[in-house]
Amino acid sequence: MLKAFLDFREQLRYCDWNIPSDIIKSFRTADIVTCEGVPFNRVIFNVGGNKYRLICGYKFGSRNIVLYVRFVGTHKDYDKINDVCTVNMFA
């Protein structure tokens, strides 16, 4: 598991995103989710050949993008989530 996320983090170093659709250009299996009533929309990344899922809130700033990790788990754990817009396993 750790190697999959280290590889994912390494790929992030080479990303140049200006708009949400740029995320999909870098990670074709990612899904962008628009969330109403919460401060951040979400992006769902498939990690480790789709063994794991990473849900992040994201915010584009004037010079960079910030990803807020909301969930890290197996695909099976992800399937138990009712609403990706409200999940926050760290709260």
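Begin by selecting Val69, Met89 and Phe90, which make a nonpolar surface patch of about 280 Å². Such patches consist of residues with over 30% relative accessible area and no salt bridge, with nonpolar side chains joined within 5 Å; a salt bridge is a side-chain nitrogen of Lys or Arg within 4 Å of a carboxyl oxygen of Asp or Glu. Areas come from the Shrake-Rupley method with a 1.4 Å probe.

The model is predicted, so local features need pLDDT of at least 70 and side-chain atom pairs pLDDT 80 or more, while totals for chains, interfaces and linings use all residues. Residues are numbered from 1 along each chain, and side-chain values use heavy atoms, without hydrogens and water.

Keep Val69 selected: this residue lies in strand β4 and is partly exposed, with a relative accessible area of 36%. Buried means under 20%, exposed over 50%, and partly exposed in between.

Next, display the strands (DSSP runs of E, at least two residues). Four of them form an open antiparallel sheet in the order β1-β2-β3-β4, where pairing requires at least two DSSP bridges. The edge strands, β1 (31-33) and β4 (65-74), each pair on one side only.

Now select β1 and β2 (residues 41-47), which pair in the antiparallel sense over three bridges. Here Val33 stands opposite Arg42 in β2.

Finally, select Val43, Phe45, Val47 and Leu54: of the 14 residues in the largest nonpolar core, these touch the most other members. A nonpolar core is a set of buried Ala, Val, Leu, Ile, Met, Phe, Trp, Tyr and Cys residues joined through side-chain atoms within 4.5 Å. β3 gives the most to this core, with four residues.

Terms used. Patches are made of residues with over 30% relative accessible area and no salt bridge: like charges are joined within 9 Å, nonpolar side chains (Val, Leu, Ile, Met, Phe, Trp, Tyr) within 5 Å. Buried means under 20% relative accessible area, exposed over 50%, partly exposed in between (1.4 Å probe, protein chains only).
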